[in-house]
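Have the sequence and the 3D view open side by side, and let us walk through this structure together.

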Amino acid sequence: MKKIIMMMAAFVFAASTSFAQDELPVPHKVDNVEVLNLDGEPTKLPGYGEKALLIFYVDPDHHKQNEDFTYELEENGRAHSDNIQAFGVMNLKDAPFVPNGMARNMAKKRTAKNGALVLADQERILSTQWGLGKCNNQFCLIIVSKEGELVFLRKGELSAQDKEDFYKTIELYK
């Protein structure tokens with residue numbers, strides 16, 4: 001019986017760490033991926049190949065991380081341009097205690113008020129296919145060029161240097 005328990009524990013550990021993928025160096029090429037809109041329907045990333053993408057990839061368990069920075073962006077407009085498509089993607093796979101439907105409904109209510117575009121990634125597709133590495137419990141700030149190259153990635157609480165680097169990078173795509 002102990003052998004079976006030990007084998008099961010090893011299997012669970014291996015399965016739980018198998019999704020953790022190494023973070024690829026930035027810059028690198030990424031493909032458009034299919035996630036879900038807030039109605040739960042599959043959709044590709046808007047503006048991919050047409051504009052630079054500014055993506056806020058957020059774990060709903062830590063949605064307030066960098067909240068001051070996101071408000072700052074709204075206020076100062078430094079990332080606003082007709083050449084940039086900005087939107088959020090909820091990393092629902094890394095928020096197991098937040099039911100997916102509830103998270104999408106809460107986002108629907110919020111976006112109805114602020115007009116923001118938010119999508120849902122229920123299977124960690126964006127982070128795994130793009131080689132973002134571990135995104136659990138983190139706010140990820142991403143810029144993808146019009147040519148499909150991931151050119152900027154910062155995760156977690158943004159430092160003053162991260163913010164400065166972001167503003168320098170986003171200026172290149174306006």
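Predicted model: local features only at pLDDT ≥ 70, side-chain atom pairs only at ≥ 80, totals over all residues.

Residues are numbered from 1 along each chain as its sequence is written, and side-chain values use heavy atoms, leaving out hydrogens and water.

Start at β4, residues 52-58; helices (H or I, at least four residues) and strands (E, at least two) are DSSP runs, numbered from the N terminus. Seven of the seven residues in β4 are buried, a word that means under 20% relative accessible area, with exposed meaning over 50% and partly exposed in between (1.4 Å probe, protein chains only). One side of β4 carries Ala52, Leu54, Phe56 and Val58, the other Leu53, Ile55 and Tyr57, and both faces are covered.

Which strands pair with β4? On the parallel side there is β5, joined to β4 over seven bridges; strands count as paired if DSSP finds at least two bridges between them. Val58 stands opposite Met90 of β5. To get from β4 to β5 the chain passes through α2, in a right-handed β-α-β crossover: with the strands pointing away from the viewer, the path from the first strand over the helix to the second runs clockwise. The antiparallel partner is β7 (residues 139-144), which meets β4 over six bridges, and Leu141 in β7 is the bridge partner of Phe56.

Strand β7 also holds Cys140, which counts as buried because its relative accessibility is 0%. Beyond its neighbours within four places in sequence, Cys140 is in contact (heavy atoms within 4.5 Å) with residues including Ile55, Phe56, Tyr57 and Leu153.

Now turn to the largest pocket, with about 1,200 Å³ of space. A pocket here is an open set of points on a 1 Å grid over the protein atoms alone, where a 1.4 Å probe fits, with protein on both sides within 12 Å along at least five of seven lines; lining residues have an atom within 4 Å of a point. The volume is the space filled by probe spheres set on the points. Of its 34 lining residues, Glu74, Arg110, Asn114, Ala116 and Val118 lie nearest the centre. β4, α2 (67-76), β5 (84-91) and α3 (100-114) each supply at least two residues of this lining.
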